[in-house]
Amino acid sequence: MIKVVIIEDEIPARNKLKRFISELERPVEIVSEISTVEEAIAFLKNSTVDLIFSDIELLDGNAFEIYDQVNISCPVIFTTAYDSFWMNAFESNGIEYLLKPFSQSRFQKAWDKFILLGNTASEPEDVWVKLQQILNNSPVEKSYKKRFSVSSHQGIYFINTEDITFFEAEEGIVFAFDTTGKKHLLNESTLKEIETQLNASDFFRINRSALVQKKHIERIERYNKNTLSAQIKGQKDHFITSQSNTSAFRKWIEE
């Protein structure tokens, strides 16, 4: 029985992993489901597993804090929406880096790599030799959502991601606005869920309730000492950056 732990703070993402794991041919036991850095450190200090599935951005911090504080002896398959951490991942026992949203076939390739690592290592030290060989051939696969489905009384229609100027969350409901200013009710329930499916170079979480697309931003102005105002094409209202991400937004908009 292969023992695995899932470190993931998003319930939909966790359920997706569990579904993929349940479809594997080999028997697998999920010994723990963890959502915070603190909980993961406490668990891994006192437990031994064969494989870790780990998100990177967790509720209380960055997952690399875990691997800085705990010496783990098993491989890690990282699952994340961000492609900027892959070097850190491979320095933390990572054997694969699955960018969300990833498919079942992409998950299977990562799993096969884990099985290959175990089957070809006869001694504990051989695992790390084989791990380095595998990491040398580990390209990061990027896959982003190209369109979103929208349910209506007449059926289901689609809106292309490139035509969306921004996403907005209102009391647990998420809307997408297109280049004509039309508002579309989406099936997704949170901006965080949508953010994981988009290219971070194109979209930015400008504040708690809005996710904007770079190419549709017409101008930015200083709003006050610590925030900026962004004007979106076709919208009268401006979007104000959160104080905590104003600096990151300025860097992103100029890239």
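Where is the place of Val 28 in this chain? Val 28 sits in strand E2, and that makes a handy starting point for a walk through this predicted model.

**Around Val 28**

Setting aside its neighbours within four places in sequence, Val 28 is in contact with Met 1, Ile 2, Val 4, Ile 21 and Trp 111.

**Charged pairs and a negative patch**

Side chains of opposite charge can pair when their charged atoms come close. The count of salt bridges comes to twelve.

Elsewhere on the surface, Glu 38, Glu 39, Asp 60, Glu 65 and Asp 68 gather into a patch of negative charge. Which helices each supply at least two residues of the negative patch? They are helix H2 (37-45) and helix H3 (64-69). Glu 38, for one, lies in helix H2.

**A cis peptide bond**

Most peptide bonds are trans. Here, however, a cis peptide bond joins Lys 100 and Pro 101, with omega at about -5°. Pro 101 is found in the loop between strand E7 (94-99) and helix H5 (104-119).

For quick reference, here are the elements named above with their residue ranges.

| Element | Residues |
|---|---|
| Helix H2 | residues 37-45 |
| Helix H3 | residues 64-69 |
| Strand E7 | residues 94-99 |
| Helix H5 | residues 104-119 |

The chain averages a pLDDT of 86, and 90% of the residues score at least 70. Over residues 120-128, pLDDT stays under 50, and the model has seven contacts beyond four places in sequence for that stretch. Where pLDDT is low, the predicted coordinates should not be read in detail.

Definitions and conventions. Residues numbered from 1 in each chain as written. Predicted model: local features only at pLDDT ≥ 70, side-chain atom pairs only at ≥ 80, totals over all residues. Heavy atoms only, no water. pLDDT = per-residue confidence, 0-100. Contact = heavy atoms within 4.5 Å. Patch = residues over 30% accessible without salt bridge, like charges linked within 9 Å, V, L, I, M, F, W, Y side chains within 5 Å. Areas by Shrake-Rupley, 256 points an atom, 1.4 Å probe, with all protein chains shown as cover. Salt bridge = Lys/Arg side-chain N within 4 Å of Asp/Glu carboxyl O. Lys, Arg positive; Asp, Glu negative; His and termini not counted. Charge placed at Lys NZ, Arg CZ, Asp CG, Glu CD. Helix = DSSP H or I, 4+ residues; strand = E, 2+ residues; numbered from the N terminus.
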